[in-house]
Amino acid sequence: MRLSQFHLNTSKETPADAEVASHQLMLRTGMIRKLAAGLYTWSPLGLRVLRRVEAVVREEMDRAGAIELLMPSIQPRELWDETGRWEKFGGQLLKIKDRKDGEFCYGPTHEEVITDFARSELRSYKQLPLNFYQIQTKFRDEIRPRFGVMRAREFLMKDAYSFHLGHDSLAGTYQAMYDAYTRIFTRLGLVFRAVNADTGAIGGTASHEFHVLADSGEDAIAFSDGSQFAANVEMAEAVSPGARPAPAETMADVTTPWQRTCEEVAKLMGIELRRTVKSVALMGDQGFVLALVRGDHMVNEIKLAKLPGLADHRLATEAELTEFLGSEPGFLGPVNPLKPITVVADRSVAAMADFVVGANRKGFHLSGVNWGRDLPEPTLVADLRNVVEGDASPDGQGTLRIARGIEVGHVFQLGQKYAEAMGATVLDAEGKAQVMHMGCYGIGVSRIVAAAIEQNNDASGIRWPAPMAPWQVAVCIINPKNDPAVAEAADALYAELRQAGLDTVIDDRGLRPGVMFGDIELIGIPHRVVVSGRGLESGQFEYRGRSDTDSQNLDRAALMAQLGVG
């Protein structure tokens, strides 16, 4: 490829509306151009990178035994009604009508479509297991699309779906997909972690997320410093801190005229925040619930929703606070409610003594509160909170550390949720109809591009991992006098590198060296080789790796060795 015949449109300026490095650099390199909120055109440069990621994904899916197909992006409402997701999926589902008023959606995922395909195509257990995949555009109507292609409304995704007669077969394919994903992200040169995750809106019985580690990641992941344990913070178990100490204080009123938060109360009293207890008032299936977590902890909504009677909970209204506690927000607590309530305490709170809570009276809190003496033992003790740095690892090995991650892949054991809803069955060995078990395996192909940039950039631009770079080598020509010998030498080197299997681009645009080198560094090509009249006279080429601080003058043999040729 010759850059004089390629569309490359770079910029020195950082766009004002681009908040993260990947968005800034994808715009500066010209890889993407915004069409509308969350919608981007991929330029020829961006598409080269996207196709490299896609190729690795396809190779590893094929290697794992998956079979590629292609499903429509527009899906009829009837399929989504069968699974009940037409209404449940929420505002991200872009709903459209055709000229006959038929209702459709632009597919955000394809569980319904693939299940419809399977129930029509599969008849016997002898056809199983099967794993179908596609690489295709998806659309999710994000409320606030941001960070460029990191959270776009339209994106390229690899989604796969497996079908099985039983759970053991599903578990085997699930592990095969887990291993394939590990190979994909390793081959792409990314630093990543696989973590236990919540199944979310997709549903299912088990799932793992794959996160590229980056400070700009939207997700927090917890991992042990003494083992391989890793989980999304939403799923990481917060273990009990141990036995409760004996009471050492007497319960007493503390005047807190305007102090409503745990932080404000702790500051007023001159105590550690961890000695206070936060009360969250909820209404569940069985009535009023007070959920208690330590003042320095955060309630985990996913864990809370998994408790009995709280699947569809909501925050209590001020009228309900008055009815059950006789209080207003900021002074709530579990001591002496007006009516019977359910008290759900986090494990850390159940192990506390001499703690501080709201007094259910405006302007007051209570100190020196103890279970069994000042209030009954909790109705339920459970894991209610997000883990924090320094917590004990749930597997008993080491302590937890928290890192930021960008989710780029997710695997699910769906079980029979979709197959049962849509009547997807096969005949077993005895001729009886059996509902198939399913797995679902997604990779954000376009998101991987952004995640890689977040993990690999510097002041000069992108530093692509070699497997993702648009080209492996850039041959740069410095030829202000239009010397035919320089042009011929550059062409000869370009041809030799291509013949050796290196994807090479030749920069023959005639730019000044500083501008030309700046572009090559900005777009992140791993190897740069300069051909000049001075170099020809000495029989050398100027070589610089993208991560090198200095250039080297190498003869042809040394250059080829540096590039791994010969």
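This is a predicted model: local features need pLDDT of at least 70, side-chain atom pairs count only at pLDDT 80 or more; totals for chains, interfaces and linings use all residues.
## Charges over aromatic rings

The charged end of Arg361 sits over the ring of Phe364, at 4.9 Å from the ring centre.

## Overall features

The protein has 566 residues, of which 51% count as buried. Its secondary structure comprises 16 helices and 31 strands. Along the principal axes, the C-alpha atoms fill a box of roughly 95 × 70 × 50 Å.

## Aromatic pairs and helix α6

The whole structure contains 13 aromatic pairs. In one of them, the ring centres of Tyr178 and Phe210 are 5.3 Å apart and the planes meet at 55°, so this pair is classed as tilted. The pair connects distant parts of the chain: Tyr178 belongs to helix α6 (residues 167-187), whereas Phe210 belongs to strand β10 (residues 206-213), 32 residues away.

The two partners can also be described by their accessibility. Tyr178 counts as partly exposed because its relative accessibility is 23%, while Phe210 is buried, with a value of 0%. Ring pairs also link Tyr178 and Phe210 with Tyr181, Phe185 and Phe192 in a cluster.

Helix α6 also holds Thr173. With a relative accessible area of 15%, Thr173 is buried. Not counting residues up to four places away in sequence, Thr173 touches Asn131, Ser162, His164 and Tyr441.

## Helix α14 and its surroundings

Helix α14 spans residues 513-522 and includes Glu521. Its buried residues are Met516, Phe517, Asp519, Ile520, Glu521 and Leu522. They pack against helix α1 (21-28) and against the strands β26 (461-462), β27 (473-478), β28 (504-507), β29 (527-532) and β30 (541-545).

Why does Glu521 count as buried? Its relative accessible area is 18%, and the cut-off for a buried residue is under 20%. Leaving aside neighbours within four places in sequence, Glu521 is in contact with Ser460, Gly461, Ile462, Arg528, Arg544 and Arg546. Just after α14, Gly524 takes a positive phi of about 85°.

## Backbone geometry in the loops

Most residues other than glycine have a negative phi, and most peptide bonds are trans. Several places in this model depart from that pattern. The peptide bond from Leu128 to Pro129 is cis, with omega near -5°. Pro129 is found in the loop between α5 (111-121) and β7 (130-139).

Asp101 is not a glycine, yet its phi is positive, near 65°. This residue is in the loop between β5 (94-97) and β6 (103-106), and Asp101 is exposed, with a relative accessible area of 57%. Asn482, likewise not a glycine, has a positive phi of about 55°. Asn482 lies in the loop between β27 and α13 (484-499) and is exposed, with a relative accessible area of 63%.

Notes
Residues are numbered from 1 along each chain as its sequence is written. Side-chain values use heavy atoms; hydrogens and water are left out. Helices (H or I, at least four residues) and strands (E, at least two) are DSSP runs, numbered from the N terminus. Buried means under 20% relative accessible area, exposed over 50%, partly exposed in between (1.4 Å probe, protein chains only). Rings of Phe, Tyr and Trp (its six-membered ring) pair if their centres lie within 6.5 Å; planes under 30 degrees apart count as stacked, over 60 as edge-to-face and the rest as tilted. A charge sits over a ring if NZ of Lys or CZ of Arg is within 6 Å of the ring centre and within 35 degrees of the ring normal. Contact means heavy atoms within 4.5 Å.
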